Amino acid sequence: MKDFQAFKKEQLAKKPLLKKAYDELAPEYELATRVIEARLRTGLSQADVAKKAGTGQSSIARLESGKYNPSVRFLAKVARATGTKLAVKFE
């Protein structure tokens, strides 16, 4: 039985349109991953982060799902709530 990473690599190699769509979504999922990691490092729940950021838990859940296009202002609030620093860069 293949592990997920091997399966994903195989599918992306075989299906160029799938790879294109996957690559286009990479920034959203990278952001979601970073938010989750910051929250977990501090031992906070989504509700804790939401309270500190002045928003609702559902907003944090949407952000962590990768299906939400947040403003820089909102991200800065989440960064402060998790004790991290927001850095936006183009490479």
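Before anything else I wrote down my cut-offs: buried is under 20% relative accessible area, exposed is over 50%, and partly exposed is in between (1.4 Å probe, protein chains only).

I'm working on a predicted model, where local features need pLDDT of at least 70, side-chain atom pairs count only at pLDDT 80 or more, and totals for chains, interfaces and linings use all residues. Residues are numbered from 1 along each chain as its sequence is written, and side-chain values use heavy atoms, with hydrogens and water left out.

**Helix H5**

I looked up H5, residues 72-81; helices here are DSSP runs (H or I, at least four residues), numbered from the N terminus. Its buried residues are Phe74, Leu75, Val78, Ala79 and Ala81. They sit on the same side of H5 because they cover an arc of only 160° around the axis, taken from the directions from the helix axis to the C-beta atoms. On the other side I found Val72, Arg73 and Arg80 exposed.

What covers the buried side? I noted helices H2 (16-41), H3 (46-53) and H4 (57-65) among the cover, with contact meaning heavy atoms within 4.5 Å. After H5 comes Gly83, with a positive phi near 70°.

**Rings**

Next I checked aromatic pairs (ring centres within 6.5 Å; planes under 30 degrees apart are stacked, over 60 edge-to-face, the rest tilted). I got one pair. Tyr68 and Phe74 are edge-to-face, 5.8 Å centre to centre with 90° between the planes.

Is Phe74 buried or exposed? Phe74 counts as buried because its relative accessibility is 10%, while Tyr68, at 28%, is partly exposed.

Last entry: the charged end of Arg62 sits over the Tyr68 ring, 5.5 Å from its centre. For Arg, that label needs CZ within 6 Å of the ring centre and within 35 degrees of the ring normal.

Technical notes
Helix = DSSP H or I, 4+ residues; strand = E, 2+ residues; numbered from the N terminus. Phe/Tyr/Trp six-rings, centres within 6.5 Å; stacked < 30°, edge-to-face > 60°.
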